Amino acid sequence: MSCRCKLLNIGFGNTIVAERVVAVVNPSSAPMKRLREEAKSNSRLIDASQGRRTRSIIVTDSNHIILSAIQAETVSQRLSADVLTKSEEKDPKY
């Protein structure tokens, strides 16, 4: 059984399925801190920061919250590059 899912590198050898990402946000605001605490209390928090400072919060379609030490802008750029690659695969231009 093979998966044709695109994986998104979120730093330090951690990857997630790109299609499942709903949002990539900065962790500094109070609502994001509440989101993190709520996810932790409901066992939906995944800490992929490897003990480093959290620089982005990734929200998935399963309502899981993933913490990453990579800047939110960098994760977003990687996600955008993945979306562009997918569209080129579907409709190649010669």
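Leaving aside neighbours within four places in sequence, which residues is I58 in contact with? They are I10, I16, V21, A23, V24, H64, I65, I66, S68 and V75, where contact means heavy atoms within 4.5 Å. The views below come from a predicted model, in which local features need pLDDT of at least 70, side-chain atom pairs count only at pLDDT 80 or more, and totals for chains, interfaces and linings use all residues. Residues are numbered from 1 along each chain as its sequence is written, and side-chain values use heavy atoms, with hydrogens and water left out.

**View 1. I58 in strand β5.** Helices (H or I, at least four residues) and strands (E, at least two) are DSSP runs, numbered from the N terminus. I58 has a relative accessible area of 0% and is therefore buried; buried means under 20%, exposed over 50%, and partly exposed in between (1.4 Å probe, protein chains only). Between the C-alpha atoms of I58 and I16 the separation is 9.9 Å, with the two residues 42 apart along the chain.

**View 2. The largest nonpolar core.** A nonpolar core is a set of buried Ala, Val, Leu, Ile, Met, Phe, Trp, Tyr and Cys residues joined through side-chain atoms within 4.5 Å. Two or more residues each come from β1 (7-11), β3 (21-25) and α2 (72-90). The most come from α2, which gives 3 residues. Another core, of 6 residues, lies apart from it and has A39, I57, I65 and L67 among its members. In soluble globular proteins, nonpolar side chains tend to be buried together.

**View 3. Surroundings of I10.** Not counting residues up to four places away in sequence, I10 touches T15, I16, A48, I58, I66, S68, I70 and R78.

**View 4. S56 in strand β5 (residues 56-60).** S56 counts as buried because its relative accessibility is 0%. A polar atom of the S56 side chain lies 2.8 Å from the backbone oxygen of I70. Beyond four places in sequence, S56 touches V24, V25, P27, I66, L67, S68, I70, Q71, A72 and V75.

**View 5. The hairpin of β1 and β2.** Strand β2 covers residues 14-17 and pairs with β1 in the antiparallel sense over 4 bridges; two strands pair if DSSP finds at least two bridges between them. N9 stands opposite T15 in β2. The strands have 2 residues between them, and F12 in the turn has a positive phi of about 55°.

**View 6. The R20 and D61 salt bridge.** A salt bridge is a side-chain nitrogen of Lys or Arg within 4 Å of a carboxyl oxygen of Asp or Glu, and the structure holds 2 of them. In this one, the closest N and O atoms are 2.6 Å apart. R20 is in the loop between β2 and β3, and D61 is in the loop between β5 and β6 (65-68), 41 residues apart. R20 is partly exposed at 39% relative accessible area, and D61 is partly exposed at 47%.

**View 7. The E38 and R44 salt bridge.** Here the closest N and O atoms are 3.6 Å apart. E38 counts as partly exposed, at 46% relative accessibility, whereas R44 is buried, at 14%.

**View 8. Helix α1 (residues 30-41) and S43.** The 12 residues of α1 reach 17 Å from first C-alpha to last, close to the expected 16 Å; the expected span is 1.5 Å times one less than the number of residues.

Notes. A polar contact is a pair of N or O atoms within 3.5 Å; within protein, one must be able to donate a hydrogen and the other to accept it, and residues adjacent in sequence count only if both atoms are side-chain atoms.
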